[in-house]
Amino acid sequence: MLVASAPAPERGPTLTCADAATNAPGQAARQKYDSAEPAAEAALPERKGERTRRRILTAARRKFAEVGYERATIRAIATEADVDKSSVIQYFGSKQDLFREAVHWQIPHDELTTSDPGHTVENRLRGMLDTWAADPDGPMAVLLRTSMTSDEAAELLRRHVTAQVTDHIAATIDAPDARLRAALFSAMMMGLAAQRYLLHMPDLAEADVEDIVRITTPLLRSLVAPET
């Protein structure tokens, strides 16, 4: 599992929750030529709606992380978000769709990739460590936690990691067993994240980030660029 960008821009209540990376919010009403007031008034409900959606998503991640996918309910998530149950249904439709959006993450491959494989690996590693450290209830962490107790979450994790990590990394490897190498790369990254941030294994949880990067980067590079 690699670094993820911030959660995808949040969509309006009429859009379904697909495994897409981004979706644009609904457009504000067109402004009248001679006055800014109508535009300002029309924009307020949209801004309030986006704030509500963000609050629901944040509450959903906390609740899914706390009790798992199966035991989390829309009512409990609504209470956590301080909104009505009907608001959750209005914005997300169902618990399944809410879960999919709450745990969606995307890796900014283009931003992390350089001409030097070693630098690229280090970028990915530092990015992952920074992302997990910044938010213990981030989309990746919540999806990994819930995958331990939910078949649906586990299947979503498998599909997402395969598409976001294995497929992309394998395409960059010019060596035999490219997909296996990419899968091992992902397994090492995911194992590191899980043991440091979820299980809090003492030797990893207490280790300095620079030491982790110094020791781990050559190992990861040997998988994706063995001949360089």
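A residue is called buried when its relative accessible area is under 20%, exposed when it is over 50%, and partly exposed in between (1.4 Å probe, protein chains only). By that rule, Asp-137 is partly exposed, with a relative accessible area of 22%.

What you see above is a predicted model, in which local features need pLDDT of at least 70 and side-chain atom pairs count only at pLDDT 80 or more, while totals for chains, interfaces and linings use all residues. Residues are numbered from 1 along each chain as its sequence is written, and side-chain values use heavy atoms, leaving out hydrogens and water.

## Salt bridges

Side chains of opposite charge can pair when their charged atoms come close. Here a salt bridge means a side-chain nitrogen of Lys or Arg within 4 Å of a carboxyl oxygen of Asp or Glu. How many salt bridges does a search of the whole structure find? The search finds twelve, and the table shows three of them.

| Pair | N to O distance |
|---|---|
| Glu-80 and Lys-63 | 3.9 Å |
| Arg-145 and Asp-137 | 3.2 Å |
| Asp-167 and Arg-179 | 2.9 Å |

Let's take the pair of Asp-167 and Arg-179. Helices are DSSP runs (H or I, at least four residues), numbered from the N terminus. Both partners are partly exposed: Asp-167 has a relative accessible area of 36%, and Arg-179 one of 45%.

Salt bridges with shared partners also build a network, joining Arg-62, Lys-63, Glu-66 and Glu-80. Within this group, is Lys-63 buried or exposed? Lys-63 is buried, at 13% relative accessible area, whereas Glu-80 is partly exposed at 33%.

In the remaining pair of the table, Arg-145 is partly exposed, with 27% relative accessibility.

## A nonpolar patch and a buried threonine

Met-188, Ile-215 and Leu-219 make a nonpolar patch of about 260 Å². Patch members have over 30% relative accessible area and no salt bridge, and nonpolar side chains (Val, Leu, Ile, Met, Phe, Trp, Tyr) are joined within 5 Å. Met-188 belongs to helix α9 (residues 178-198) and is partly exposed at 33%.

Thr-120, in helix α6 (residues 117-134), is buried, with a relative accessible area of 10%. Which residues does Thr-120 touch, not counting residues up to four places away in sequence? They are Leu-112, Thr-113 and Thr-114, where contact means heavy atoms within 4.5 Å.

Definitions and conventions: Patches are made of residues with over 30% relative accessible area and no salt bridge: like charges are joined within 9 Å, nonpolar side chains (Val, Leu, Ile, Met, Phe, Trp, Tyr) within 5 Å. Accessible areas come from the Shrake-Rupley method with a 1.4 Å probe; for residues, only the protein chains shown count as cover. Helices (H or I, at least four residues) and strands (E, at least two) are DSSP runs, numbered from the N terminus.
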